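Have the sequence and the 3D view at hand.

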Amino acid sequence: MTLKNKWVLITGASSGFGAAAARAFGAEGSKLLLGARRVDRLEQVAAEAHRAGAPEAHFHSLDVSKTSSVDAFVAWARETITHHQSPVPSHQSPLPRLDVLINNAGGAHGLDTVAAGKDEDWEAMLQSNVLGILRMTRAALPLMLDNPGSSLINIGSIAGHVAYEGGAAYCAAKAGELQITRALRLELNGTGIRVTTVDPGLAETEFSITRFKGDVARAKKVYEGTRPLTAEDIADILVWVANRPAHVNIDELLVKPVDQAAVHKVYRRIA
Ligand code: NDP
Ligand code: 8X3
C-alpha cells in the first residue's frame with residue numbers, strides 16, 4: 001500500500017524513534033499527527049517532517065499517562081483529519097480515517113534493583129509503556145475500524161522478551177506491551193486492521209538520558225565502543241511494516257544491532 005496522503009499518528013514524536021518516524025513517513029508523503037509533552041520539540045519535528053515531504057504535519061500536546069490528555073488528543077486528531085480531508089467520491093464514506101497508529105511514547109526510569117526501586121519510577125514506566133498504549137488504542141480505534149489495511153504498530157523492546165538486573169519494572173512493562181499487542185491482534189481479527197510490535201534492542205536516542213535522569217555522561221557509557229541502532233534504523237522499519245500490502249501482517253519484529261548478540265552480550269571495541 002502507498003503511504004502517500006495516509007494519516008499517520010505518532011505518540012512520543014518529540015525525540016528518538018518517534019521524531020525519526022515523523023521524518024521518514026513525511027518523506028513518503030504521509031500526513032502526520034504528532035503527540036508528546038514537549039510541544040516546542042514537536043514544532044521542530046513537524047517542520048522537519050514538512051521539509052522531508054509531509055503534505056500535512058500537525059502536532060498537539062499529549063501525555064499518555066492521563067486519560068483526559070489522550071482523549072483530548074484524539075478529539076483534536078479527529079477534527080484535524082476531518083478539516084483536511086481530501087474530497088472523496090460520493091459512494092465512499094466521509095468518516096475521518098486514521099491509517100497508521102504508532103504507539104511509541106514510553107521509556108525507562110531508573111535502573112534500580114527491585115530492593116532499591118522507587119514507586120514513582122515504577123508508576124511512570126507502567127503508565128506510559130502499558131496504560132498509555134491501552135488508552136491511546138481505545139481512543140483511536142474508532143478512527144480505524146472502518147479502514148481495513150490500516151496499521152496499529154506498538155513499540156516494544158528486547159526487554160519484553162528477556163529480563164535483566166535493574167530492569168524489573170521496565171521489562172514487565174514491555175512484556176505487557178507484547179501481550180497487549182497479541183490480544184489486540186485477536187480482538188481485531190476480521191476488521192482488516194494490521195497489528196504489529198516492533199521490539200528494538202540497544203538504540204542510541206534520549207532513552208538512556210531519561211533512564212539516568214539527565215546524567216548524559218552515564219547515558220553515553222551505555223553505547224561506548226559499540227555500534228547501536230539509530231532512530232533512523234527503526235523509523236525505516238516502521239515505514240516498511242506499514243507499507244506491506246494490506247493483506248500482510250508483520251506480527252513481531254525483534255531488531256538488534258549486530259554488536260548485540262543478547263541483552264548481556266554486547267561487543268565493545270577497546271579504544
Ligand atoms: P526517547 O527518550 O528519545 O523518546 C521517548 C519519547 O516518548 C519522547 O518523544 C517522549 O516525549 C515520549 N514520552 C515519554 N513519556 C511520555 C508520556 N507520558 N506522554 C507522551 N509522550 C511521552 O527514546 P526512544 O525514542 O528510544 O523511545 C521510544 C520508545 O522506544 C519507547 O517506548 C522506548 O521504551 C522504546 N525503546 C527504546 C529503545 C532504545 O534503546 N532506545 C529500545 C527498545 C524500545 P516527551 O518527553 O516530550 O513527552
Ligand atoms: C530499551 C533497550 O535493553 O535497554 O528498551 O532495555 S534495553
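A polar contact is a pair of N or O atoms within 3.5 Å; within protein, one must be able to donate a hydrogen and the other to accept it. The model used here is predicted.

**Asp 199**

Asp 199 sits in strand β6, which spans residues 194-200.

| Side chain | Partner side chain | Polar contact |
|---|---|---|
| Asp 199 | His 161 | 2.7 Å |
| Asp 199 | Thr 197 | 2.5 Å |

Asp 199 is buried but has no salt bridge. Arg 182 is the nearest side chain of opposite charge, and it lies 7.0 Å away. A salt bridge would need a side-chain nitrogen of Lys or Arg within 4 Å of a carboxyl oxygen. Beyond its neighbours within four places in sequence, Asp 199 is in contact with several residues, among them Gly 156, His 161, Glu 177 and Leu 254.

**The cavity**

How many cavities of 30 Å³ or more are there? The count is one. The largest cavity holds about 90 Å³ of space. Its lining has 17 residues. Nearest its centre lie Asp 112, Trp 122, Met 125, Gly 166 and Ala 169. Helices α4 (119-140) and α5 (168-187) each give at least two residues to this lining.

**Leu 141**

Leu 141 lies in the loop between α4 and β5 (151-155). Is Leu 141 buried or exposed? Its relative accessible area is 14%, so Leu 141 is buried; the cut-off is under 20%. Leaving out residues up to four places away in sequence, Leu 141 touches Leu 188 and Ile 193. Val 263 is 122 residues from Leu 141 along the chain, and their C-alpha atoms are 34 Å apart.

Methods:
Residues are numbered from 1 along each chain as its sequence is written. Chains are lettered from A and ligands numbered from 1 in the order in which they are written. This is a predicted model: local features need pLDDT of at least 70, side-chain atom pairs count only at pLDDT 80 or more; totals for chains, interfaces and linings use all residues. Side-chain values use heavy atoms; hydrogens and water are left out. Helices (H or I, at least four residues) and strands (E, at least two) are DSSP runs, numbered from the N terminus. Buried means under 20% relative accessible area, exposed over 50%, partly exposed in between (1.4 Å probe, protein chains only). Lys and Arg count as positive and Asp and Glu as negative; His and the chain ends are not counted. Contact means heavy atoms within 4.5 Å. On a 1 Å grid over the protein atoms alone, a cavity is a set of points where a 1.4 Å probe fits but cannot get out, and a pocket is an open set with protein on both sides within 12 Å along at least five of seven lines; lining residues have an atom within 4 Å of a point. Grid points are joined across faces, edges and corners, and a volume is the space filled by probe spheres set on the points.
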